[in-house]
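Please look over the sequence and the model before reading on.

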Amino acid sequence: MVQDIPAISREDVLHMAQLARLTVDEADVDRFARQMSDIVAYMDVLNSVDTSDVAPLYSPAGHDIQYRTDTAAHVRTREQVLANAPDRNENYFIVPRIV
């Protein structure tokens, strides 16, 4: 069921560039319009493919998920953590004031 999709116009390209806050050279506008139209047309071709018997995937690569237990562990002591602090006051980091 390929639909007749209108081509992307120069005005569409300029509008998208404005929304994205991009500067587009005038010489490139026609080329971008043609390329975007080709992309939209290809998406329409993909939409016409019957995928009713295909299981949905989140990734084309097979992944074996290896879960780990979520347990708290103290890997470093407070002294080890504070040893790298550029500035500290006993057991606390001293950071610049942000207002």
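The sections below cover the basis of the model, a helix and its packing, and the salt bridges.

## Basis of the model

The model is predicted: local features need pLDDT of at least 70, side-chain atom pairs count only at pLDDT 80 or more, and totals for chains, interfaces and linings use all residues. Residues are numbered from 1 along each chain as its sequence is written, and side-chain values use heavy atoms, with hydrogens and water left out.

## Helix α2

Helices are DSSP runs (H or I, at least four residues), numbered from the N terminus. Helix α2 covers residues 26-47, and its 22 residues should span 32 Å at 1.5 Å a residue; the expected span is 1.5 Å times one less than the number of residues. The end C-alpha atoms lie 32 Å apart, in agreement with that value.

Asp28, Val29, Ala33, Ser37 and Asp44 of α2 are buried (under 20% relative accessible area; exposed is over 50%, partly exposed in between; 1.4 Å probe, protein chains only). These buried residues pack against α1 (10-19).

## Salt bridges

The structure holds four salt bridges, each a side-chain nitrogen of Lys or Arg within 4 Å of a carboxyl oxygen of Asp or Glu. In one of them, arginine 10 meets glutamate 26 at 1.9 Å, N to O. Arginine 10 lies in helix α1 and glutamate 26 in helix α2, so this pair ties together parts 16 residues apart in sequence.

Aspartate 30 and arginine 10 also meet in a salt bridge, at 2.8 Å, N to O. Arginine 10 counts as partly exposed at 27% relative accessibility, and aspartate 30 is partly exposed at 41%.

Terms used
Helix = DSSP H or I, 4+ residues; strand = E, 2+ residues; numbered from the N terminus. Contact = heavy atoms within 4.5 Å.
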